[in-house]
Amino acid sequence: MNPQDQAQPAISDKPPRKPLSRRTSLVGGAVAVLLLLAVGGLAWYLTRPAATQGGPGAGRGAPASTVGVATAEKASVPVMLDALGTVTPLATVRVRAQVTGVLEKVLFTEGQMVRAGDLLATIDPRQFEMALMQATGTRQRDEAQLDSARVTLQRYKTLLGQDSIARQDVDTQAALVKQLEGTVVVDKAAEGAARLNLGYTRVVAPVGGRVGLRAVDIGNVVSGSDANGIVLITQLSPIDVVFAVPQDRVAELQQGAATALKATALDRTRASVIDTGVFASLDNQVDTTTGTVKAKARFANSQLALFPSQFVNVQVQVRTIDNAVVVPVTALRQSNTGDYVYVLNAADRTVSLRPVKRGHATVEKIVIVSGLQVGERVITEGADRLKDGSSVVLAGDQPRPAGGAAGANRGKRQRPDAAGAGAPAPAASGAAAAASAPASGASAPRHRRASQAEGS
């Protein structure tokens, strides 16, 4: 070969390859990543275990949900007005002394129940007895002078008839009689005031109720100007509860005011009834700051369970809805389109979504105005996991056979190694088992001889 030919490079007939651009490389890499993700997602979907039903959108074949049910009933539902009220006594009287004097006796104990007219305390009466005696003496003196003047006037009138005395003397005596009559009237008033002051030394209860804490002690000088007085009496039976009514419900109370509306006083937790009474009256104007009207209910309070200034919950039964279709409150559901319930189809153990119109509600029951019939069964528990047509299981139903669960998983693709490991081998026929028995028995001596040879 010529050396010049060796020095020259061989010329290929193929055109030179163009290098790939950066954009093409990025697109190709992205496509490859997407293909890998798609293959991985497909593999996960084919090999994942069966999903458990967890909501209205659960897949087909998911297990049925266990729910609680209740039957729509016909009942009379009371319409109640609930409010927070304050216990207010009918009368609260601060007993004060009407005269000034030394407190001599205290005849009550703190917290005692008293009746109107019961003696509570006494004030030293001696100075008032003396004043009464003085007023009585003055009256008796002036009455004696009046009697003497009347006798003299009668004598003057006789002499005037005989023309033995001047008429001026008769008229003067008549004026003196009238003057003394006025003086006697003043004396009687003074005597009555003295007798009244003497009666004020006995301090009596103006109303019946419970006495509070004593404000004075024996030996103190008391008077009508004392700010605390002697004691405070609060009337407890009967007693009122004042509460606020929304102005939108005033018309209901006015319509039922003709009849005795039942009122109930509940404790702070609304767990127990303190007392029952009747609705009494409404105020005559609306409070513009709160938009409410004050109302009053009266209670007998025979057990003294209601205490003045106590806060209680008040329920007033405004009216009663008769023959209403009611269901438990937990059966009613809300959505953007309105209220609905899930109705149980007992034949195939499925539920149907039923739009309804709600009415008045109590703590436990709610009135269904339309959309539901008496006797239909509605779902009360577990409705969050349901949709229209979902299968359900009641609490008292028998468990479903295992074949149903196996049928739900039928048709799912499994890996060969998982199927071989998880599924038991098919049982051999009787002939195959009999044929394999001698073979296994013959192979046992050979294994023993081989192990002995290795040991030697």
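Is Val27 buried, exposed or partly exposed? Val27 is partly exposed, at a relative accessible area of 48%; here buried means under 20% relative accessible area, exposed over 50%, and partly exposed in between, with a 1.4 Å probe and protein chains only.

1. **What you are looking at.** This is a predicted model, in which local features need pLDDT of at least 70 and side-chain atom pairs count only at pLDDT 80 or more, while totals for chains, interfaces and linings use all residues. Residues are numbered from 1 along each chain as its sequence is written, and side-chain values use heavy atoms, with hydrogens and water left out.

2. **The chain overall.** The chain has eight helices and 22 strands; these are DSSP runs numbered from the N terminus, with helices (H or I) of at least four residues and strands (E) of at least two. Of its 456 residues, 27% count as buried. The accessible surface is about 29900 Å², and 54% of that belongs to carbon and sulfur atoms; such areas come from the Shrake-Rupley method with a 1.4 Å probe, and for residues only the protein chains shown count as cover. Among contacts (heavy atoms within 4.5 Å) with a separation of 6 or more, 76% are between residues 24 or more positions apart.

3. Val27 sits in helix 2, residues 22-47. Together with Val31 and Leu35, Val27 makes a nonpolar surface patch of about 270 Å². Patches are built from residues with over 30% relative accessible area and no salt bridge, joining like charges within 9 Å and nonpolar side chains (Val, Leu, Ile, Met, Phe, Trp, Tyr) within 5 Å.

4. **Salt bridges.** There are 13 salt bridges in the structure, each a side-chain nitrogen of Lys or Arg within 4 Å of a carboxyl oxygen of Asp or Glu. One of them joins Glu191 to Arg139, with the closest N and O atoms 2.4 Å apart. Glu191 belongs to helix 4 (residues 167-199) and Arg139 to helix 3 (residues 126-161), so the pair ties together parts 52 residues apart in sequence. Glu191 is buried at 9% relative accessible area, and Arg139 also counts as buried, at 15%. A salt-bridge network links Arg139, Glu143, Glu191 and Arg195.

5. **Two further pairs.** Arg141 and Asp142 meet in a salt bridge at 3.4 Å, N to O, and Asp142 is buried at 4% relative accessible area. Arg249 and Glu252 do so at 3.2 Å, N to O; Glu252 is partly exposed, at 24%.

6. Four strands form an open sheet in the order 7-6-4-9, with antiparallel pairing. Strand 7 (202-204) and strand 9 (221-222) are at the edges with a single partner strand each, so one side of each has no neighbour in the sheet. Strands count as paired if DSSP finds at least two bridges between them. Strand 4 (residues 101-106) is joined to strand 9 by two bridges, and Gly101 stands opposite Val222 in strand 9.

7. Strand 17 (residues 338-345) pairs antiparallel with strand 18 (residues 350-355) over six bridges, and Val343 faces Ser352 in strand 18. Four residues lie between the strands of this hairpin, where Arg349 takes a positive phi near 55°. The structure also holds one aromatic pair: Tyr340 and Tyr342, edge-to-face, at 5.6 Å centre to centre with 85° between the planes. Rings of Phe, Tyr and Trp (its six-membered ring) pair if their centres lie within 6.5 Å, and planes under 30 degrees apart count as stacked, over 60 as edge-to-face and the rest as tilted. Both Tyr340 and Tyr342 are buried.
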